[in-house]
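Here's a quick briefing for anyone opening this structure for the first time. Have a look at the sequence and the model, then read on for a tour by topic.

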Amino acid sequence: MAFSAAGSPKTTARGRLVFETSFRIVCTAAVLFGFVVLCFLAQQLIKDGWGSLSFKFLESPPSSNYPERAGIYPALMGTIWLMGLILILTVPLGIGSAIYLEEFAPRNGFTRIIQLNITNLAGVPSIVYGLLGVAAFGFAAEATGSQDLRKSLLAGAVTMSLMILPLVITASQEALKAVPRYHREGSLALGATRWEMISRIVIPSAIPGMMTGIILGLSRAIGEAAPLITLGAVTYLTFSPRGPLDLYSVLPIQIFDWAQRPEQIFQREKSAAAIIVLMGVLLLFNAAAIFLRSAARKRLH
Amino acid sequence: MMGAGGSVLKKRSMMLFCAWAAIAAVGCGGRGGGRAGGSDLSGTIEIDGSSTVSPISQSVAEEFMAQNPGVRVVVSTSGTGGGMKKFTAGEVDICDASRPILTEELQKTKENGVEFIEVPIAFDGLSVVVSKQNDWADHLTVQELKKIWEPGSTVKSWADVRSGFPAEPIALFGADQASGTFDYFTEAVNGKKGSIRPDYSPSADDNVLVKGVAGTKGGLGFFGLAYYEANMDKLNLVAIDNGKGPVKPTPETISDGSYSPLSRPLFIYVSKKAADRPEVQAFVKFYLSKEGVDLIANKAKYVALTPALYDMSLKRFESRKLGSVFNGKETIGMRLEDLLKDEG
């Protein structure tokens with residue numbers, strides 16, 4: 001469309017060639033811009049943080065009194081726990097909702113309203129989900145007479161799952177929509193029931209797209225600090241969570257605490273090292289998801 | 001089986017040794033009140049509140065946990081206001097506070113039936129700083145500060161502050177509204193909490209303020225003394241004249257009250273319910289012991305109270321003195337000694 005609009009006065013062969021080339025240059029520049037900024041930031045991070053990175057850094061608790069000994073073990077374990085719980089909650093809920101909405105739900109006003117809400121919820125700021133979590137687990141606190149549940153990993157995971165569910169549902173729906181109509185019709189024509197059609201034809205071909213939604217959702221959740229602080233995640237603790245009902249901290253909270261300290265070693269070196277670890281964890285999660293996605297794709301072909 | 005039993009025994013005796021070492025160390029410190037307790041203590045102590053006080057609590061908690069491995073101390077930083085909200089609802093054991101409890105918050109504690117003990121733990125000096133290239137402003141009077149920072153201020157360059165200063169444009173940096181530091185500075189300098197000229201550069205991150213002032217020839221900013229001390233090579237400290245000659249913030253001038261009005265006491269508020277638990281008692285006593293004070297001054301780099309004040313703090317805690325001596329007011333111009341002495 002952009003071609004026909006911008007290219008219409010240029011009907012000569014040369015004009016079209018110039019347009020073609022400049023369009024390519026613009027697109028390359030757009031990619032390069034992001035890439036160069038990323039490289040600059042990564043280089044800065046590695047310069048500041050590389051010296052502090054060690055196995056010891058990963059397995060030690062944070063320390064105010066001995067900055068050189070300070071590590072990120074509790075926050076790292078908190079992040080891994082949280083991501084695991086989020087996955088357990090998000091995958092069945094997100095994919096289940098998407099399948100229901102795409103495959104089973106009648107197209108009426110009610111489902112349209114649900115659809116509209118899901119799309120809008122994807123853009124709600126994370127702190128609002130934090131407040132929602134506080135309110136929801138406030139009721140739980142009244143029922144149980146203790147605030148422990150609200151401050152637990154489980155509460156954090158439920159709140160974060162709510163936050164990323166719209167993203168996961170929308171992406172999964174898109175993936176389901178992309179399954180060609182003739183695949184469905186073909187399998188039905190061969191005598192498959194609806195469930196057989198969905199489970200053997202539709203879901204396998206939609207898995208790669210669903211995985212993309214989950215990757216994006218997790219990437220958003222892993223960097224959040226504000227909603228968790230609102231809920232009652234802890235800034236300083238020296239132990240890793242013993243279970244889903246324990247207190248916890250996560251890497252972004254640890255990074256935030258260090259980055260605002262006056263001491264250079266915390267402000268620059270330790271926080272940069274923690275950011276590198278955070279990116280490492282994110283890459284690991286994503287690499288695992290991408291591996292599964294390509295395995296799923298291979299099975300398809 | 002034998003092996004496992006043996007290692008448990010070994011652990012036990014190690015723990016006993018640690019406890020003994022802890023008691024011995026505190027005992028040698030010479031302050032009877034600072035007994036850290038044995039390692040048979042257990043439980044979780046939850047602290048929330050000011051990000052200014054948090055490094056102190058973290059530092060003390062770290063050492064306390066090394067001596068009492070059965071106790072878990074966790075520190076959160078939702079700010080003094082955020083911490084008070086949880087504290088007055090009875091959700092946390094201790095609240096870190098960079099200002100006294102407010103009237104509204106006192107009201108909340110009454111509604112929720114939360115009783116508490118107010119324990120002053122250290123002083124914090126607010127430093128007023130300029131860039132290294134600024135060789136003219138080595139001191140400012142409180143009136144000059146007010147002239148610069150008050151709402152509707154017409155000060156555009158240093159020449160407007162005092163005749164004789166160069167016509168270098170002035171650039172202002174300071175804490176943003178969410179911070180207890182902002183509340184304190186505006187009240188102390190402009191006379192009303194929250195009143196400030198709107199065209200300064202605010203940030204919640206003191207390190208951003210440091211960069212701003214250091215990088216601007218006519219820059220002027222305020223933040224906690226610890227941030228000046230970590231950046232002495234980039235900043236010049238301004239002495240403050242409150243009618244008795246210019247005074248620079250140092251541990252001495254802050255703790256004896258002569259660096260006025262920009263020094264403030266920091267507190268922990270301990271809920272009475274928590275104070276009945278042995279591990280919380282041991283923790284607060286450790287906080288106020290010689291060892292704790294050493295951590296406050298040398299590791300967290302805040303200004304320690306005088307020994308007499310720590311004794312008063314400890315007495316308040318031990319006798320479970322409930323309520324706040326400030327009655328919801330700010331601490332500017334008040335001397336902690338007088339306030340605490342008054343109550344006997």
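## A quick tour of the two chains

Going from the N terminus on, the elements of chain A read α-α-α-α-α-α-α-α-α-α-α-α. That's twelve helices and zero strands for chain A, while chain B has 14 helices and 13 strands. Keep in mind that this is a predicted model.

**Chain A as a whole**

- The C-alpha trace of chain A spans about 70 × 60 × 35 Å along its principal axes.
- Chain A has 301 residues, and 36% of them are buried.
- Take the contacts in chain A with a separation of 6 or more: 74% of them are between residues 24 or more positions apart.

**Two helices of chain A that pack together**

- Helix α4 (residues 73-104) of chain A packs with helix α7 (residues 153-177) of chain A at an angle of about 40 degrees, and their axes are 7 Å apart.
- If you're wondering about handedness, α4(A) and α7(A) make a right-handed crossing.
- Sorted by class, the contact of α4(A) with α7(A) has 20 nonpolar, seven polar and three charged residues.

**Where the chains meet**

- Across the contact between the chains, 19 residues of chain A meet 25 residues of chain B.
- On the side of chain A that touches chain B, the classes come out as seven nonpolar, nine polar and three charged residues.

**Chain B and its domains**

- Chain B has 344 residues, of which 48% count as buried.
- For contacts in chain B between residues at least 6 apart in sequence, 74% join residues at least 24 apart.
- Chain B is split into domain 1 (9-123 + 265-342) and domain 2 (125-255).
- How many residues of domain 1 of chain B are in contact with domain 2 of chain B? There are 14, and they meet 14 residues of domain 2.
- On the side of domain 1 of chain B that touches domain 2 of chain B, the elements giving two or more residues are α3 (79-88) and β13 (303-304) of chain B.
- That side of domain 1 of chain B has five nonpolar, six polar and three charged residues.

**Strand β8 of chain B and its partners**

- Strand β8 (residues 219-224) of chain B has six of its six residues buried, so it is largely enclosed by the rest of the structure.
- One partner is strand β4 (residues 116-131) of chain B, which pairs with β8(B) in the antiparallel sense over five bridges.
- Within β8(B), B:Gly221 has B:Val129 standing opposite.
- β6(B) and β8(B) run parallel and are joined by three bridges.
- Here, B:Leu172 stands opposite B:Leu220 in β8(B).

**A closer look at B:Phe173**

- You'll find B:Phe173 in strand β6 (residues 171-175) of chain B.
- Is B:Phe173 buried or exposed? It has 23 other C-beta atoms within 10 Å, and 20 or more is the cut-off for a buried residue, so B:Phe173 is buried.
- Leaving out residues up to four places away in sequence, B:Phe173 touches B:Tyr200, B:Ser201, B:Leu209, B:Gly212, B:Val213, B:Gly219 and B:Gly221.
- B:Phe173 and B:Asp199 are 26 residues apart along the chain, and their C-alpha atoms are separated by 9.6 Å.

- As background, most residues other than glycine have a negative phi, and most peptide bonds are trans.
- B:Ser260 and B:Pro261 are joined by a cis peptide bond, with omega at about 5 degrees.
- B:Pro261 sits in the loop between α9 (251-255) and β12 (263-271) of chain B.
- B:Lys301 isn't a glycine, yet has a positive phi of about 60 degrees.
- The place to look for B:Lys301 is the loop between α12 (290-299) and β13 of chain B.
- With 18 other C-beta atoms within 10 Å, B:Lys301 is partly exposed.
- B:Arg320 isn't a glycine either, and has a positive phi of about 55 degrees.
- B:Arg320 is in the loop between α13 (307-318) and α14 (336-342) of chain B.
- B:Arg320 is partly exposed, with 13 other C-beta atoms within 10 Å.

How values were computed. Residues are numbered from 1 along each chain as its sequence is written. Chains are lettered from A and ligands numbered from 1 in the order in which they are written. This is a predicted model: local features need pLDDT of at least 70, side-chain atom pairs count only at pLDDT 80 or more; totals for chains, interfaces and linings use all residues. Helices (H or I, at least four residues) and strands (E, at least two) are DSSP runs, numbered from the N terminus. A residue is buried if 20 or more other C-beta atoms lie within 10 Å of its own, exposed if 12 or fewer, and partly exposed in between; C-beta atoms are placed from the backbone. Two residues are in contact if their C-beta atoms, placed from the backbone, lie within 7 Å. Domain bounds come from an automatic or database domain assignment. Ala, Val, Leu, Ile, Met, Phe, Trp, Tyr, Cys and Pro count as nonpolar, Asp, Glu, Lys and Arg as charged, and the others, Gly among them, as polar. Two strands pair if DSSP finds at least two bridges between them. Axes are lines fitted to C-alpha atoms, for helices over the stretch in contact, and angles run from 0 to 180 degrees between N-to-C directions. A crossing is left-handed if the near helix is turned anticlockwise from the far one by less than a right angle, and right-handed if clockwise.
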